[in-house]
Amino acid sequence: MSDIQALFDSLLESTRDAVVFAGADGKVVRVSKAFEVLAGCAATGGAILAGERCMRAAMAPQAAGLWRGMVPGGDGRDRDLEVTVTPIDGGAGGLRLFLGMVRQADSDSPPVSDPAHFGYDALTGLPNRDLFVDRVHQAVLQANRVGGSVALMVMGLDRFTLVNDALGHAAGDRLLVEVARRLRICVRETDTAVRLDGDKFALVMAIASVDDSVIVAEKVLSVIKEPFTLDGEEVVVTFSIGISVLPLDAESDAQLTKHAEHALHYAKISGRNQYQFFSKDMNRRARSRLELENRIRRALVNEEFVVYYQPKVSADSAAIVGAEALVRWLDPERGLISPAEFIPVAEETGQIEPLGAWVLAKTCEQNKAWQAAGLSPIKISVNVSARQFRSRTLIDTVVGVLKSTGLDPQWLELEITESMLMNDVDTAVRKMKALRDLGIGLSIDDFGTGYSSLSYLGRFPITTLKIDRAFIADVDTNPKTAEIARAIIGLSRGLNLEVVAEGAEILAHIRFLRTHGCDTVQGFYYSRPVPADEFEKMIRKGVLEHG
Ligand code: C2E
Ligand code: MG
Ligand code: MG
């Protein structure tokens, strides 16, 4: 070590000035002992990071070498520091260093620059992304030192843009402020709640076991679910949460962050309003979902979808009284794929809109063709997904299809599920009325599995209730299910609705339904869903064999 260097070292040890030396890029070369003490890093380490925070902020063009702001200390406490930077000319060697003089800011003196309170989000007052990076780093250092664990939760508000669109940005901002307030309640003093950006938040916390993070995640989900009141309107939002744990899932802060983001993405594509822990498997599953999305896109172009028809049959006479259109995907590589596999993905990605419109058009076209061929007319129902139902274009699509196919609206019915109607009952009722005004039927599918809010049922302008097959499956053996099925049949009668039982598989189901006055039955007992040409043969015969 040269004499000069030794002298420099002892100077940094002994000076009472808190000083930081950095390169032109703000990267810190050395700090004095006094700075370590000031930044609360003397015992814990992290002085370089704290120094870098000071230097980068003060060396930013708008700060022009003068900055005051909050700096996260190595002990987890923030410090209000004032920094003055002076360039030191390295002379002929060309080495250019910057000297930062740092001191505790006067509590009542105004900020020298950057009134945005560096490190904090101006809207919610939570630490922002800059501070987040430090907090994660500190937490990781600390965990590594004591052999502990850190959980990182990255959280996104589900459908925040809907709130912004419906109530305006000012209301959206107020929602974010309130969300931040609720988040603070969920964490201990030693944890950090952060607003990353937009509707994205994070929690950084030291944990004793993974269970701790489960408890916090559940608490967060439940406090966020409570309605918010904005401009006199109640708004319900939910969170999707991705969790990654060090050292379980990650070795470094960068990896910890990346994996929590992956887990968040996974929570979103898995249906939102939930937390997901990172798992190695997740990458694989996310990738295969992406592949599926691309294949659906191709399948739409290549017309690989087909509509199958399942008859609805009179329980008394076994005559075909209608049908349900059920889409299938005839993949050239994988064969016939069930809608249960691709509808949820199409729903998530928005591909359901063109796909649903195609099924609707295909079904009406086919039904009209059967009528034109002289077969006795039947009503065919088409499933409508939540997204299709919400879409502004649904009514126009239905009107367009009826017009282009020339099908009399009385032979079309749409099947919707209860859960689509409960979010915004007034809008749903308005939309249903508009559909009914076109002259088509409306049926509630899978009745009994959703909210089953009987009080609303009277308000919905529907024509049919479909009892979910879960109630039919053991209607002959389980007295409780039988009682529910009976009650639904009675209810439909009382409300003057047609009632259809789904999933009747055996004669005992049919007998029960017949005895209790359920007129229409759909199920494997009579027929599985079949391609159009097979179904045509069935309607030509008109009556199905029992069994
Ligand atoms: P869903 O609308 O409740 O349709 C009834 C489902 O029950 C069909 O399954 C049908 O094959 C099945 N099923 C009928 N009878 C029986 C039975 O006796 N036993 C059993 N175990 N199952 C029976 P599928 O065709 O696999 O369709 C599943 C779901 O996919 C449908 O449930 C519907 O929610 C959705 N889906 C199908 N096609 C479309 C479509 O074109 N658009 C939309 N949005 N969703 C569709
Ligand atoms: Mg259905
Ligand atoms: Mg159903």
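This is a predicted model: local features need pLDDT of at least 70, side-chain atom pairs count only at pLDDT 80 or more; totals for chains, interfaces and linings use all residues.
Close-up 1. Asp75 is partly exposed at 39% relative accessible area.

**Close-up 2. The Asp191 and Arg188 salt bridge.** Here the closest N and O atoms sit 3.0 Å apart.

**Close-up 3. Glu341 meets Arg334.** Their side chains form a salt bridge with an N to O distance of 2.8 Å. Glu341 is partly exposed, with a relative accessible area of 40%, and Arg334 is partly exposed too, at 44%.

**Close-up 4. A salt-bridge network.** Lys312, Glu324, Lys379, Glu413, Glu415, Lys466, Glu498 and Glu502 are all tied together by salt bridges. Across the whole structure, the search turns up 32 salt bridges.

**Close-up 5. Polar contacts to ligand 1.** A ligand oxygen lies 2.7 Å from a side-chain N or O atom of Arg469, and Asp445 puts a polar side-chain atom 2.8 Å from an oxygen of ligand 1. On the nitrogen side, a ligand atom is 3.0 Å from a side-chain N or O of Gln310. The protein covers 83% of the 790 Å² of accessible area that ligand 1 has on its own.

**Close-up 6. The shell around ligand 1.** Ligand 1 is surrounded by 23 residues, with Arg328, Asn383, Arg469, Glu505 and Phe524 the closest. By class, that shell has nine nonpolar, six polar and eight charged residues. Strand 14 gives the most, with four residues.

Terms used: Residues are numbered from 1 along each chain as its sequence is written. Chains are lettered from A and ligands numbered from 1 in the order in which they are written. Side-chain values use heavy atoms; hydrogens and water are left out. A residue is near a molecule or strand if one of its heavy atoms lies within 4 Å of it. A polar contact is a pair of N or O atoms within 3.5 Å; within protein, one must be able to donate a hydrogen and the other to accept it, and residues adjacent in sequence count only if both atoms are side-chain atoms. Accessible areas come from the Shrake-Rupley method with a 1.4 Å probe; for residues, only the protein chains shown count as cover. Helices (H or I, at least four residues) and strands (E, at least two) are DSSP runs, numbered from the N terminus. Ala, Val, Leu, Ile, Met, Phe, Trp, Tyr, Cys and Pro count as nonpolar, Asp, Glu, Lys and Arg as charged, and the others, Gly among them, as polar. A salt bridge is a side-chain nitrogen of Lys or Arg within 4 Å of a carboxyl oxygen of Asp or Glu. Buried means under 20% relative accessible area, exposed over 50%, partly exposed in between (1.4 Å probe, protein chains only).
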